[in-house]
4 protein chains.
Amino acid sequence: MNLQPAKPLDTIVWLNTDNPISLDALRGKVVLLEAFQMLCPACVSHSLPQAMRARQLFSEDDVAVIGLHTVFEHHGAQGTREALDAFLHEYRITFPVGIDRPSENGGPPATMTAYGMQGTPTTILIDRNGYLRKQKFGRDDDMLLGSEIMALLRERQAPQSQQNDKAGNDGCTDQGCPLPTT
Amino acid sequence: MNLQPAKPLDTIVWLNTDNPISLDALRGKVVLLEAFQMLCPACVSHSLPQAMRARQLFSEDDVAVIGLHTVFEHHGAQGTREALDAFLHEYRITFPVGIDRPSENGGPPATMTAYGMQGTPTTILIDRNGYLRKQKFGRDDDMLLGSEIMALLRERQAPQSQQNDKAGNDGCTDQGCPLPTT
Amino acid sequence: MNLQPAKPLDTIVWLNTDNPISLDALRGKVVLLEAFQMLCPACVSHSLPQAMRARQLFSEDDVAVIGLHTVFEHHGAQGTREALDAFLHEYRITFPVGIDRPSENGGPPATMTAYGMQGTPTTILIDRNGYLRKQKFGRDDDMLLGSEIMALLRERQAPQSQQNDKAGNDGCTDQGCPLPTT
Amino acid sequence: MNLQPAKPLDTIVWLNTDNPISLDALRGKVVLLEAFQMLCPACVSHSLPQAMRARQLFSEDDVAVIGLHTVFEHHGAQGTREALDAFLHEYRITFPVGIDRPSENGGPPATMTAYGMQGTPTTILIDRNGYLRKQKFGRDDDMLLGSEIMALLRERQAPQSQQNDKAGNDGCTDQGCPLPTT
């Protein structure tokens, strides 16, 4: 299988960090990228707490945990920096979070579109060499995620495969918020 | 002990209902009033799901379940009708929710102030005669709440006592979001 | 509706109490009777903890909480007093528990048969006058059970009797079962 | 760090397997060994379900999951093969479980003593070459355990052997234990 380099993060602002984050600057670390929306129930109850557990379990020298706010609905309610700031504060999310660049035509934001994400939450793993190694829409299992991060940590190079999961329907469910089908 | 009549709800708009709600119009029913903020974690994970369970357990003829959005912080993020609308939609909250009238001086909103609430969530029970019978800040127990609602349902009149709970500190905790101390 | 008197408890021994329990002696109280088996997973994870919550919520003057060990399978594994004793100790069950009288022909035990129970857990409520008011097989909801107990409490005044509970010991904790220190 | 070879399992019988298990025969696989007692609440609610999740996540070709019943108290209640058999059946534990050899002087059983375990649950990891790599008393975290198993899996290639699991039966469900239909 051909591995693909993870596409750049196209964001308008970063919170919880003094400096903007770029994937290039994270080369050498395993990256856990959690795409979410603050009004996505499965993100709030499951994926963000899971990402915080990963932040606490792994060293920052080895694993970068970053969030990406991929607002594709309810822009007025959750689309502002102020709303996200308040959310991160109240939910005690301490890792850096970027706001995905809004589309000009009302579609999903830029990074979400570039990655072809199906909705939120989407959990992404990028290896030490910057290759996309996992992209999963919906709730993910702690034991599985822990094992996958460790598998990437134990690689130096020569990554092997890409994993692709699908899911989808309209309206947020217990599993997440899918993009509307068109 | 002297029972106090529950103070009127001073709201600017009602969602999930065609008509504004007044406590006077609910006389004869037991009222479960859940005061919350959409960015209060304990409200989202505990109290609103609990209120929905109450809605499903008791008949609408006997028990009115209503929400009150008492925004006292992060006004820009959670203070608009649009934000609350999106939240209620994604979290599947179907009972009527009123937006508490914002203070003009930046303090807590009108109904929250009138009731002397200490923060969110605050769970309130009002008896068939319009008297305030419970006001508790923080997470509440399902079995206790179920028993209290039934106790009020079995009354016709002659209520007896008022319950008062206290809690408090700054910043939202697992138990709720207290009002700032001044 | 014709109410039926709750049938007597036909037990061979009582644990967690100095004196055998009879329903007649509990007249005047609401009785929550939890029929269980120590190797029934839903009893262990749900119904016994729920009964303990009821024990803590309601006064012993008003509500008697009692267990009934209705062994209908795995008699060798869970049919002895010693096995039940160890179980009650490790799971911190402090209310009185009777062992249902074993059948002589290998069928379900005596009280289980008399009540026509379908299995374990079975949650039973008996009113202050000794009438059977609820009998449910399977998991039960906390809010519902709390409301039902209160409904029976509010039905009629009744005389009072005394129940004796014990609690507390060292041994297994939520974290595990440590070896005894020597 | 000096690694120590994992000591042999000294058991009197194996359940859920046609053939006794020896660590020597598992050389080449990572071994997750879960020491438990059937009357240990944290084993029942946490560690055994966790071990089952590991069984489902990892291939049997790579990871052997085995239980060890290390009875050090309540011997009469949980010390028999019959009791353990009933327990494994009702809790749907399908991986092989050995019964640790009882002490002749009333102390902890043989393997538990050889390993110096502090109680139950104790979670043990053994690498592909038979070395003891983790021994933890108490509840363990899913993400951590997943990462540790993967770290051992990535250490070295090794030959493969076959493990045999059984699953499935009727009887108790998540809702309770129904009487057999006749």
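How much area is buried between chain D and chain C, and what percentage of it do carbon and sulfur atoms give? Select both chains to begin. The model is predicted. About 2800 Å² is buried between chain D and chain C. Carbon and sulfur atoms give 62% of that area.

**Stop 1: the D side of the interface.** Select the residues of chain D that touch chain C. Now pick H3(D). The largest share of this side, 6 residues, comes from H3(D). Colour the whole side by residue class. It divides into 22 nonpolar, 11 polar and 5 charged residues.

**Stop 2: across the interface.** Show both sides. Here 38 residues of chain D are in contact with 38 residues of chain C. Look for salt bridges between the two chains: the rule finds 0. Polar contacts come to 2 residue pairs, both residues at pLDDT 80 or more.

**Stop 3: strands that pair between chains.** Select strand E6 (residues 119–120) of chain C together with E8(D). The two strands run antiparallel and are joined by 2 bridges. Zoom to C:Gly119. Its bridge partner in E8(D) is D:Pro178.

**Stop 4: over to chain A.** Select helix H3 (residues 81–90) of chain A. Which residues here are buried? They are A:Ala83, A:Leu84, A:Ala86, A:Phe87, A:Leu88 and A:Glu90. Step just past the end of H3(A) to A:Arg92. A:Arg92 takes a positive phi of about 60°.

Key: Residues are numbered from 1 along each chain as its sequence is written. Chains are lettered from A and ligands numbered from 1 in the order in which they are written. This is a predicted model: local features need pLDDT of at least 70, side-chain atom pairs count only at pLDDT 80 or more; totals for chains, interfaces and linings use all residues. Side-chain values use heavy atoms; hydrogens and water are left out. Contact means heavy atoms within 4.5 Å. Buried area is the accessible area (1.4 Å probe) that two parts lose on being put together, summed over both. A salt bridge is a side-chain nitrogen of Lys or Arg within 4 Å of a carboxyl oxygen of Asp or Glu. A polar contact is a pair of N or O atoms within 3.5 Å; within protein, one must be able to donate a hydrogen and the other to accept it, and residues adjacent in sequence count only if both atoms are side-chain atoms. Helices (H or I, at least four residues) and strands (E, at least two) are DSSP runs, numbered from the N terminus. Ala, Val, Leu, Ile, Met, Phe, Trp, Tyr, Cys and Pro count as nonpolar, Asp, Glu, Lys and Arg as charged, and the others, Gly among them, as polar. Two strands pair if DSSP finds at least two bridges between them. Buried means under 20% relative accessible area, exposed over 50%, partly exposed in between (1.4 Å probe, protein chains only).
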